[in-house]
Amino acid sequence: MNDQNIYDNPAFFEGYRALREKDSNLNDLLEQPAMAGLLPDLNGKSVLDLGCGYGRNCVDFVRRGAARVVGLDISEKMLAAAREESRAPGIEYIRMSMTELPRLRETFDFIYSSLAFHYVEDFPRLAREIYRLLNPGGCLLFSQEHPIVTAAFDGKGGFNRRRGRPVSYTFSNYSQPGRRVIHWIVDGVVKYHRPMGEILTALAKAGFVLEEVCEPVPEDWAIEKLPSIVKEYLKPNFLIVKARKTP
């Protein structure tokens, strides 16, 4: 697995924070609403948030009744922000890479991850570790960049336009999994591409039962706020998967 800690790069951290603070960012308009709609009942449950970032979801889980929430992230800058801005009784923040999950001995009823798994090199191993950390009947919910987005070696695809309007999307290298080094805010950001089949097969082989696979499209309120988001109907940015450990 990859241990790159790009979020502690000062230029990246500030650029990412500025991006997330815009009220027209795709996370808040598309990914997060779709994730919220798939959350299980958290009342009295224990929760592990992998790649918790600023900890905003950890606070939301407590508000939804979670008894204990552990937020795990590799970035000290992210965790410092979480401890300052997202404090609540029942939340613990731990600095740890997802490569280090074998160190965890506690188990959880619900494991969540928002847009972090595409930084992981060995996804089958990660899936097995998550399965181990879940209590019987426990649920995994995660989002990642869609494989269409991660496919190209240079991180770039392109909308094809007709009379100035996007009508289709061109990408490449979809069936060639592996490392991608791209420019996103800064140069040298490492991500890992996996075709859809590899992602779902890794989960199935780990023992998960798939409950839902979602490629979210914008709701009317999001289109009103950001009209260009209709491009999501041509090319999805996000993949969301909900899976369960057998009782």
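**Sheet, cores and a loop**

Start with helix α4, residues 76–85, which lies across β2 and β3 and runs at about 165 degrees to β3. Axes here are lines fitted to C-alpha atoms, for helices over the stretch in contact, and angles run from 0 to 180 degrees between N-to-C directions. Helices (H or I, at least four residues) and strands (E, at least two) are DSSP runs, numbered from the N terminus.

Before going on: this is a predicted model, in which local features need pLDDT of at least 70 and side-chain atom pairs count only at pLDDT 80 or more, while totals for chains, interfaces and linings use all residues. Residues are numbered from 1 along each chain as its sequence is written, and side-chain values use heavy atoms, with hydrogens and water left out.

Now the sheet. It is open, with 7 strands in the order β3-β2-β1-β4-β5-β11-β10 and mixed pairing; two strands pair if DSSP finds at least two bridges between them. β3 and β10 (209–214) are at the edges with a single partner strand each, so one side of each has no neighbour in the sheet. From one strand to the next, the twist averages 15 degrees. β1 and β2 are paired in the parallel sense over 5 bridges, and V47 stands opposite V69 in β2.

Next, the cores. A nonpolar core is a set of buried Ala, Val, Leu, Ile, Met, Phe, Trp, Tyr and Cys residues joined through side-chain atoms within 4.5 Å. Buried means under 20% relative accessible area, with a 1.4 Å probe and protein chains only. The largest core has 31 residues, of which L48, L50, I111, I130, L203 and F208 touch the most other members. Elements giving two or more residues to this core include β1, α5 (123–133) and α7 (196–206). α5 gives the most, with 6 residues.

L50 has contacts (heavy atoms within 4.5 Å) beyond its neighbours within four places in sequence, among them L72, M98 and I130. A second, separate core of 22 residues includes F61, V69, L79 and F110.

F61 is also one of the buried residues of helix α3 (residues 56–63), along with N57, C58 and V59. The buried residues of α3 pack against α2, β1, β2, β3 and β4. After α3 comes G65, with a positive phi near 105 degrees.

Last, a loop residue: is N25 buried or exposed? N25 is in the loop between α1 (10–21) and α2, and at 5% relative accessibility it counts as buried. The N25 side chain reaches the backbone nitrogen of N27 at 3.1 Å.

Methods
Buried < 20%, exposed > 50% of the residue type's maximum accessible area, 1.4 Å probe, protein only. Polar contact = N/O pair within 3.5 Å; in protein donor to acceptor, adjacent residues only side chain to side chain.
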